[in-house]
Amino acid sequence: MPHFPVNHPARPLYRVLSGLVGVYILVFGVWGVAETIGDPLFARSSTWALGLRTNLAFSLASVVFGIVLIIGASRRSNLGHYMNLTAGVVFLVTSILMMSVLQTDANFLNFSMSTVIVSMLFGLILFGTGLYDKVGPAEHAEAELERRKHPVADVHRR
């Protein structure tokens with residue numbers, strides 16, 4: 001079973017960071033919808049919003065993801081933890097898949113290389129924040145500290 005730190009001291013910073021990513025994605029999505037409102041859903045035109053190439057489908061998906069990330073960052077429960085982990089993996093996988101079809105007709109989200117890089121960066125940020133924003137009772141945090149200070153753990157650090 002993977003080990004995620006519980007009640008990490010920098011958790012508020014990670015929540016703010018994931019919230020800022022969510023705000024950027026939401027603003028990008030709204031701007032993209034405004035730019036592509038008359039185009040077909042999966043158009044391959046040269047429409048740009050906030051420095052990233054987009055189409056109506058990608059803009060609508062960005063609006064949904066932005067709202068989900070903002071909701072996850074605003075909750076003080078493990079909902080944000082799971083949402084950030086999931087969104088980070090989704091962004092990373094999507095960026096790699098879209099990079100592999102960048103110059104083909106299969107580029108249905110109209111990605112450019114800058115969009116791939118930003119999606120990969122957001123995926124890493126969200127996955128990283130998801131690793132450290134788990135919430136638990138104070139007993140779990142104390143048990144984690146005790147496990148780190150256990151004599152057997154000290155032997156393995158040498």
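Colleague: Which residues of H1 meet H4, and what makes that a contact?
Modeller: From H1 they are Arg11, Tyr14, Leu17, Ser18, Val21, Tyr24 and Ile25, meeting Phe122, Ile125, Leu126, Thr129 and Tyr132 of H4. They count because contact means heavy atoms within 4.5 Å, and helices here are DSSP runs (H or I, at least four residues) numbered from the N terminus. By class, this contact has nine nonpolar, two polar and one charged residue. Nonpolar takes in Ala, Val, Leu, Ile, Met, Phe, Trp, Tyr, Cys and Pro; charged means Asp, Glu, Lys and Arg; the others, Gly among them, are polar.
Modeller: Bear in mind that this is a predicted model, where local features need pLDDT of at least 70, side-chain atom pairs need 80 or more, and totals for chains, interfaces and linings use all residues. Numbering starts from 1 along each chain as its sequence is written, and side-chain values use heavy atoms, without hydrogens or water.

Colleague: What makes the H3 and H4 pair roughly antiparallel?
Modeller: Here the axes come within 7 Å and cross at roughly 155°, and H3 and H4 are therefore roughly antiparallel to each other. The residues in their contact divide into 15 nonpolar, eight polar and no charged.

Colleague: And how do you know that H2 runs roughly antiparallel to H3?
Modeller: H2 and H3 pack at about 150°, axes 9 Å apart, and are therefore roughly antiparallel. Phe65, Val68, Leu69 and Gly72 of H2 touch Gly80, Met83, Asn84, Ala87, Val90 and Phe91 of H3.

Colleague: What is the hand of the H3 and H4 crossing, left or right?
Modeller: Left-handed, meaning the near helix is turned anticlockwise from the far one by less than a right angle. H1 passes H4 with a left-handed crossing, and H2 passes H3 in a left-handed one too.

Colleague: What makes a space a pocket, and how much of it lies in the largest one?
Modeller: On a 1 Å grid over the protein atoms alone, a pocket is an open set of points with protein on both sides within 12 Å along at least five of seven lines. The largest pocket holds about 220 Å³, a volume being the space filled by probe spheres set on the points. Its lining (residues with an atom within 4 Å of a point) has 17 residues, with Phe58, Ser62, Phe91, Phe111 and Ser119 nearest the centre.

Key:
1 Å grid on protein atoms, 1.4 Å probe; cavity = no way out; pocket = protein on both sides within 12 Å on 5 of 7 lines; lining within 4 Å. Helix = DSSP H or I, 4+ residues; strand = E, 2+ residues; numbered from the N terminus. Axes fitted to C-alpha atoms, helices over the stretch in contact; angles between N-to-C directions. Parallel < 35°, antiparallel > 145°, perpendicular 65-115°, else oblique.
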